[in-house]
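The points below are meant for a colleague opening this structure for the first time. Please read them with the sequence and the model side by side.

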Amino acid sequence: MIEFMSQISIATLGIAALGVAIGVFLGALPGFGGGASMAICLPLALAMTPLDSMVFLINIYGGVHYGGGIPSVLLGMPGDAGAAATVMDGYRMTRNGQAAEALALTAMSSCVAGAFSVAAFLLVSPILAEFALAFGPPEFFVLIVFGLTVLASIESLNVLRGILGGLIGMSISMVGTDPYWAAERVTFGLPQLYEGVPFGPFLLGLFCIAQMMELLEGGPPTEEQEVKVSTGLGGTIRGMVMTFRYYGALIQGCFTGTVVGALPGAGATIAAFVSYTIAKATSPHPERFGTGTPEGVIAPEAANNSVVGGALIPTFTLGIPGSGAAAILMGVMMFHGLRPGPRLFLEQLPLIQTLAGYLLIGCLLMAFCGGTVAMFFYRITRIPIAILGPVVIVGAAIGAYAGRTEPFDVGIMVGAGLLGYTLNRNKVPLAGVVLGMVLGPACEDYLIQSLEMSGDDWSIFFQSPLCLVLWGLIALSLFGAQMLAKRERKLANRIPAA
Amino acid sequence: MPLSVFVVPAIVLAWLGTYFSLLPPLRAQSLMFPRFVAWSILGIVALLLLLQWLRARKGELVVPPPAVDPKSAWLFYGLCVGYVALFWLLGFVAASTIYLIAAMTVFPVRWPIRIGVTVGTVAALYALFGGLFGIPL
């Protein structure tokens with residue numbers, strides 16, 4: 001701490017603030033994930049000192065994860081895949097007139113989670129890194145199966161529909177070249193599909209167009225039509241305080257995000273969905289999930305932000321970048337002559353401690369930034385749907401196009417919109433489709449790798465103690481979902497009777 | 001059973017039909033996982049239909065979906081499809097201008113607001129993505 005206080009500089013603080021602001025801004029734009037946002041700012045980062053460049057990039061990464069939650073809450077359109085779980089209750093809160101509260105919840109839980117994960121990075125890095133190393137392909141495969149059991153609890157009354165959504169997502173993720181022979185699969189001969197169905201445009205269409213079509217089902221919109229909202233300042237303060245009232249969901253989200261983030265390749269999407277499931281399973285009021293409960297916003301937002309600190313653990317201690325964003329960070333470290341790996345903590349401890357100090361400040365800045373956003377941006381919900389709908393579509397279209405500068409991707413977005421609307425009308429949860437798309441390729445990779453390792457012996461998935469623990473968790477999760485469904489059915493039967 | 005029950009199965013069957021017809025030339029390792037997913041989807045859809053049928057036979061009340069007027073939603077979607085075609089043919093600026101004007105004419109918004117929103121949105125997005133990020137629009 002004394003080390004940090006002696007090295008504090010206004011310029012680096014300014015760089016941290018700039019990183020947070022850029023991250024929040026880019027995260028709120030459709031189609032910009034952590035990796036893309038960091039890549040855009042790379043030329044700027046390379047011109048800085050090693051400490052400044054890392055402070056800048058990691059704060060962008062944290063800001064993007066928070067920023068992605070803003071369109072999720074206001075428009076029902078996740079800024080990135082990690083924010084897809086926030087839509088379920090965040091957007092519902094907005095429709096219930098609590099946009100400012102929901103935005104403040106996301107800001108405060110992001111701030112606390114970010115600080116928690118940075119502390120974990122500093123204090124328990126070696127232990128968590130060792131734990132992450134125990135995961136081989138079979139363990140990762142079982143972890144992904146555990147992630148898929150989330151589908152059962154997204155819609156506990158409609159478990160089958162949840163699983164169907166996940167499988168549809170997985171089948172779409174199989175389009176492209178296969179990981180074994182690099183053969184084309186269901187590409188219709190289109191070169192634009194060789195790398196698979198582009199995820200960003202698909203996500204934008206699935207949520208954004210489907211959401212707008214659903215809003216328009218009530219009849220033609222008028223210029224005066226708007227959503228009822230609470231006031232900015234009061235709602236923001238209420239939301240910030242409310243975050244700590246649901247401390248269980250907050251702490252759980254922080255733990256889940258940090259641990260999942262430390263696993264190379266897992267990422268914010270899995271963390272957010274797993275955290276949402278655990279929060280629902282452990283809540284005294286699981287029936288309120290999906291109707292706009294604060295717990296349903298806090299748990300995924302805390303998880304997807306604590307992934308940031310978690311992802312630093314394998315990057316710094318093992319030299320294994322767990323995600324695209326972490327790989328960019330590692331590249332910048334190497335550019336500055338720093339060698340990520342087990343010796344980094346021994347050789348550069350003061351630098352890492354100073355970095356962690358600035359990251360904690362970045363988290364506080366995020367809360368401030370988030371509070372400001374909550375106070376003013378909730379007004380977006382006051383824009384009539386007749387204006388908001390077309391403007392959102394144009395914004396989403398440019399977000400879809402920007403990734404590869406392919407007009408084809410705008411077509412994918414519109415096609416996904418039709419699928420999303422149809423599935424929504426038939427009660428198939430869209431969050432399941434997203435999760436299936438995210439987990440599908442990794443699931444196939446790890447399955448093939450594991451079977452190659454074992455010579456097609458399926459018992460490899462039951463051999464290590466870690467696999468057995470994960471199977472136990474899967475059984476608990478499915479059993480819990482069934483119990484939850486029973487409880488919800490009972491409640492649903494009781495309400496009309498009353 | 002209402003016809004709407006068959007909407008999702010019909011989509012799924014159309015998708016899987018395409019899927020199965022395009023997969024066969026591939027080798028076993030490339031096929032294993034997609035086939036597993038496809039058969040699982042078929043199994044779940046069959047189970048869902050069976051459950052619906054059993055519930056209908058038991059006379060269980062099927063909660064009808066809320067009454068909606070899908071005309072506006074489909075009109076909006078038609079505009080989106082038109083926008084994609086224009087984007088392909090004319091590029092972002094022209095397509096977005098035409099689309100925004102058209103959408104705010106179909107769902108009436110006063111002319112000054114219509115023009116202001118169109119010009120403001122297109123200019124802001126062009127400046128941000130084209131100017132700042134250097135994306136060719």
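This is a predicted model: local features need pLDDT of at least 70, side-chain atom pairs count only at pLDDT 80 or more; totals for chains, interfaces and linings use all residues.

1. A residue is called buried here when its relative accessible area is under 20%, exposed when that figure is over 50%, and partly exposed in between. By that rule R185(A) is buried, because its relative accessible area is 2%.

2. R185(A) forms a salt bridge with E444(A), and the closest N and O atoms of the two are 2.8 Å apart. R185(A) lies in strand β2 of chain A and E444(A) in helix α21 (residues 430-454) of chain A, so the pair ties together parts that are 259 residues apart in sequence. E444(A) is itself buried, with a relative accessible area of 2%.

3. How many salt bridges does a search of the whole structure find? Over all chains the search finds three, and one of them joins the side chains of R238(A) and E101(A), at 3.0 Å from N to O. Since R238(A) belongs to helix α12 (residues 232-245) of chain A and E101(A) to helix α8 (residues 99-133) of chain A, this pair ties together parts that are 137 residues apart in sequence. R238(A) is partly exposed, with a relative accessible area of 42%, whereas E101(A) is buried, at 3%.

4. A salt bridge is also found between R404(A) and D409(A), whose closest N and O atoms are 2.7 Å apart. Here R404(A) is partly exposed, with a relative accessible area of 28%, while D409(A) is buried, with a value of 1%.

5. T405(A) has a positive phi of about 45° although it is not a glycine; T405(A) sits in the loop between α19 and α20 (407-425) of chain A and is partly exposed, with a relative accessible area of 32%. V186(A), also not a glycine, has a positive phi near 50°; V186(A) is placed in the loop between β2 (184-185) and α11 (199-216) of chain A, and its 3% relative accessibility makes it count as buried.

6. Helix α19 (residues 385-402) of chain A has 18 residues and reaches 25 Å from its first C-alpha to its last, which is close to the 26 Å expected at 1.5 Å a residue. Of its 18 residues, 17 are buried, so α19(A) is largely enclosed by the rest of the structure.

7. T12(A), in helix α2 (residues 10-28) of chain A, counts as buried at 5% relative accessibility. Its side chain is joined to that of D52(A) by a polar contact of 3.0 Å. Leaving aside neighbours within four places in sequence, T12(A) is in contact with D52(A), V55(A) and Y358(A).

8. Turning to the two chains together, chain B and chain A bury about 5,700 Å² between them, with 81% of this area on carbon and sulfur atoms. In chain B, the residues that lose the most area to chain A are F33(B), F76(B) and Y77(B), together 11% of what that side buries. The contact draws 60 residues from chain B and 67 residues from chain A.

9. Across this interface the rule finds zero salt bridges, but it does find two residue pairs in polar contact, both at pLDDT 80 or more. On the side of chain B that touches chain A, the elements giving two or more residues are α1 (7-22), α2 (28-58), α3 (70-90), α4 (92-106) and α5 (111-132) of chain B. The largest share of that side, 14 residues, comes from α2(B). By class, the side of chain B that touches chain A has 48 nonpolar, nine polar and three charged residues.

Methods. Residues are numbered from 1 along each chain as its sequence is written. Chains are lettered from A and ligands numbered from 1 in the order in which they are written. Side-chain values use heavy atoms; hydrogens and water are left out. Contact means heavy atoms within 4.5 Å. Buried area is the accessible area (1.4 Å probe) that two parts lose on being put together, summed over both. A salt bridge is a side-chain nitrogen of Lys or Arg within 4 Å of a carboxyl oxygen of Asp or Glu. A polar contact is a pair of N or O atoms within 3.5 Å; within protein, one must be able to donate a hydrogen and the other to accept it, and residues adjacent in sequence count only if both atoms are side-chain atoms. Helices (H or I, at least four residues) and strands (E, at least two) are DSSP runs, numbered from the N terminus. Ala, Val, Leu, Ile, Met, Phe, Trp, Tyr, Cys and Pro count as nonpolar, Asp, Glu, Lys and Arg as charged, and the others, Gly among them, as polar. The expected span of a helix is 1.5 Å times one less than its number of residues. Buried means under 20% relative accessible area, exposed over 50%, partly exposed in between (1.4 Å probe, protein chains only).
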